[in-house]
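Take a look at the model below. We will start with the ligand site and then turn to the charged side chains.

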Amino acid sequence: MRLDKFLCDAGAGTRSEVKQLIRKGAAAVNGEVEKAADRKIEEYDKVTLYGRALSYQKFRYYLLHKPSGVITATADKRERTVMELLQGIDVRDLFPVGRLDKDTEGLLLITNDGELAHRLLSPRKHVDKTYLVRTKLPMSEEALERLAEGVDIGEEKPTLPATVKRLTATEIELTIREGRFHQIKRMLSAVDNEVVYLKRLSMGTLRLPTDLQAGGFRELTEEEIRELRESTCKPQNERKVQ
Ligand code: URA
């Protein structure tokens, strides 16, 4: 592989950015500064950037705290997309895992790992997604029970059993195991209520860090990646009102 591609794949920047870095003498191969972007890198070569060792990283994972007002898409002619928030990151092969509505906030995984994304989104895997939901009207106990059991949202099948935790009269935490279109909003509408604020708090084992501001992002840790992979292997399908 060429040195510029290696640096690019390792997340050091776009192809033109890493070419500039190479030209400036920031990259070294086996301890020697290398200024040729097309230098061939073998598996046994040790590559450093500003003296820091880089390993070839095929997959990249970013956790974004999606703010309201941006759309979940890789590109759009009119609207601002979540990808535009990943400042300083080469986003060309990255994509968001699943979709949050424009007015929904919270945890969004962005990666180039298609297989993990597929497993997280597969309807058969039933990966838990927990949302903080604020409603227009107070939630009755009966409405909470109905959400937990599964409600008719106008499709062939009702929603799968969910976990509901009351926080206040108009605030619940709702954990669903599917990802149907506008699912939470349609579930609340099925119990004659309306969502006024929606935030995703978790997906599988991945939690929205409390210290990550809306609009902020960070790389996943090795542990988060491993836990996330494991979480896609366990079917979870119990119903519970807490
Ligand atoms: N359910 C919704 O209705 N909207 C979202 O953004 C996510 C889940």
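A polar contact is a pair of N or O atoms within 3.5 Å; within protein, one must be able to donate a hydrogen and the other to accept it, and residues adjacent in sequence count only if both atoms are side-chain atoms. This is a predicted model, in which local features need pLDDT of at least 70 and side-chain atom pairs count only at pLDDT 80 or more, while totals for chains, interfaces and linings use all residues. Residues are numbered from 1 along each chain as its sequence is written, and side-chain values use heavy atoms, with hydrogens and water left out.

Start with the ligand. K185 places a backbone N or O atom 3.1 Å from one of the ligand's oxygen atoms. H182 also has a backbone N or O atom by a ligand oxygen, at 3.2 Å. D101 uses its side chain: an N or O atom there is 2.7 Å from a ligand nitrogen. On its own, the ligand has 230 Å² of accessible area, and the protein covers 95% of that (Shrake-Rupley method, 1.4 Å probe).

Which residues are around the ligand? They are L100, D101, T104, Y131, H182, Q183, I184, K185 and L198 (a heavy atom within 4 Å).

Now the charges. Side chains of opposite charge can pair when their charged atoms come close. A salt bridge here is a side-chain nitrogen of Lys or Arg within 4 Å of a carboxyl oxygen of Asp or Glu. The count by this rule is 19.

D103 lies in the loop between β6 (95-96) and β7 (105-111) and K185 in α5 (residues 183-190), so the pair ties together parts 82 residues apart in sequence. How covered are the two? Buried means under 20% relative accessible area, exposed over 50%, and partly exposed in between (1.4 Å probe, protein chains only). D103 is partly exposed at 45%, and K185 is partly exposed at 24%.

R39 pairs with E34 at 2.7 Å; R39 is partly exposed at 28%, and E34 is buried at 14%. R218 meets E224 at 2.9 Å. Here R218 is partly exposed at 28%, and E224 is buried at 15%. Finally, R2, D4, R15 and K19 are linked in a salt-bridge network.

Conventions: Helices (H or I, at least four residues) and strands (E, at least two) are DSSP runs, numbered from the N terminus.
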